[in-house]
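The following note is intended for a colleague who is meeting this structure for the first time. Please read the numbered points alongside the display.

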Amino acid sequence: MRAIVYKSTGSWYTVKNEQGTFFNARIKGKFKIDAITSTNPIAVGDIVELEKEEDSEDTLITFIHERRNYINRVSPHNKHQHHIVASNIDQSLLFATLKDPKTSFGFIDRFLVISEAYHVPAIIVFNKADLYRKKEQEKFELAREIYEPIGYTVMLMSIGENRGVEDVKSLLKDKITLLSGHSGVGKSSFINVIFPELLLRTQDVSGWSGKGLHTTTFAEMFDLPFGGKIIDTPGIREMGLVDISKQELAHYFPEMRAIMSDCQFNNCMHLEEPGCAVKKAVNEGSIHVERYVSYMNILDTIETKPY
Ligand SMILES: Nc1nc2c(ncn2[C@@H]2O[C@H](COP(=O)(O)OP(=O)(O)OP(=O)(O)O)[C@@H](O)[C@H]2O)c(=O)[nH]1
Ligand SMILES: [Mg+2]
Ligand SMILES: [Zn+2]
């Protein structure tokens, strides 16, 4: 019997079959998939096969169908292990805030690199617009200037004042959407406002400490009443990059990818090499310097693989 994984809490999975019935299922024995060393063999969004276990009433996951795509993160506990956040998704909404908490452009860039690497279209949603004063408003305008010309949609929303919520909601119909972002940016609040019956737990305003309390602790998928699915995830503190080499990093910056074939050397890393088209574009202003700084910062954090 075929089913989709809606929630994974470690050893138990909530799955839904094609008739719409939910089951609690577990996996039996060892489960090796692909060549990924991940802390979780099965992720939200996976399409699996179920069987009833003999001698008990337990439902077992016996097979996982090939993933169309997935989003992978470095495990918060062990940087050599990966954690698959979700699979088989159509798009990813990055929730960012410029106040309580602050999302840096560096964080956004890392997120976009991962989305490019896994071929998942990404949209950036700036929430808590009601808290933005002049400084934050200018930062938001800068974000637009940086991200829109290179092909990303940038939206402004205030769940608190119900501004822009309908525009974001209209992106969701009939798609499987992953919500990501720091803890406290309003991911669960957004699901609650578009789907009030759910009543997800959100952070207490008075309890907001600036540290990010991770109110949501497991990724979970929900069927939207108007068609489509949305996946709520726990807040991300740091965006570790998985499986991306120094040499390929520039491919995941669309504005660099577009011109790098003009570099004099085909193994150009776009640093100090002569005849570098990327450096030239940065100097001329057609590649935003903030993006180039992010590129160099990310490059610095990628470990060179020993051969
Ligand atoms: N001022 C303001 N506060 C908001 C807005 N949206 C959400 N909040 C508040 O921000 C806090 C955090 O919201 P959550 O929805 O729990 O955040 P989350 O992204 O799900 O956080 P984690 O589950 O920890 O990852 C709550 O107190 C919300 O009421 C907004 O547009 N404006
Ligand atoms: Mg949450
Ligand atoms: Zn170059």
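1. A salt bridge is here a side-chain nitrogen of Lys or Arg within 4 Å of a carboxyl oxygen of Asp or Glu. Arginine 291 and aspartate 109 form such a bridge through their side chains, at 2.7 Å from N to O. The two partners are 182 residues apart, with arginine 291 in helix 7 and aspartate 109 in helix 1 (residues 105–117). Helices (H or I, at least four residues) and strands (E, at least two) are DSSP runs, numbered from the N terminus. Arginine 291 counts as buried because its relative accessibility is 1%, and aspartate 109 counts as buried at 1% as well. Buried stands for under 20% relative accessible area, exposed for over 50%, and partly exposed for what lies in between (1.4 Å probe, protein chains only).

2. On the basis of the note: this is a predicted model, in which local features need pLDDT of at least 70 and side-chain atom pairs count only at pLDDT 80 or more, while totals for chains, interfaces and linings use all residues. Residues are numbered from 1 along each chain as its sequence is written, chains are lettered from A and ligands numbered from 1 in the order in which they are written, and side-chain values use heavy atoms, with hydrogens and water left out.

3. The whole structure holds 17 salt bridges. One of them joins aspartate 223 to lysine 16, at 2.6 Å from N to O. Aspartate 223 lies in strand 12 and lysine 16 in strand 2 (residues 12–17), so this bridge ties together parts 207 residues apart in sequence. Lysine 16 is buried at 19% relative accessibility, whereas aspartate 223 is partly exposed at 26%.

4. Aspartate 90 and arginine 68 also form a salt bridge, their closest N and O atoms being 3.3 Å apart. Both lie in loops: aspartate 90 between strand 7 (82–87) and strand 8, and arginine 68 between strand 5 and strand 6 (70–74). Arginine 68 is exposed, with a relative accessible area of 53%, and aspartate 90 is partly exposed at 25%.

5. Which residues coordinate the zinc ion (ligand 3)? The donors are Cys263 (SG), Cys268 (SG), His270 (ND1) and Cys276 (SG), at 2.1 to 2.4 Å. Donors are N, O and S atoms within 2.8 Å of the metal (3.2 Å for Na, K and Ca); water is not among the atoms, so sites may look incomplete. The arrangement is tetrahedral because the four donor atoms subtend angles of 104 to 117 degrees; four donors count as tetrahedral if all angles lie between 85 and 135 degrees. Along the sequence, the donor residues follow the spacing C-x4-C-x1-H-x5-C. Cysteine 263 is buried at 8% relative accessible area, and cysteine 276 is buried at 6%.

6. Helix 4 is mostly covered, with six of its eight residues buried. The cover over these buried residues includes strand 8 (91–97), helix 3 (165–169) and strand 11 (176–180). Serine 188, found in helix 4 (residues 187–194), is buried at 8% relative accessibility. Beyond its neighbours within four places in sequence, serine 188 is in contact with Leu200, Arg201, Thr202, Thr216 and Asp232, where contact means heavy atoms within 4.5 Å.

7. Phenylalanine 63, in strand 5 (residues 59–64), is partly exposed, with a relative accessible area of 43%. Its C-alpha atom is separated by 5.0 Å from that of glutamate 49, 14 residues apart along the chain.

Terms used:
Four donors count as tetrahedral if all angles lie between 85 and 135 degrees; four count as square planar and six as octahedral if opposite donors are over 155 degrees apart and all others between 65 and 115; anything else is irregular.
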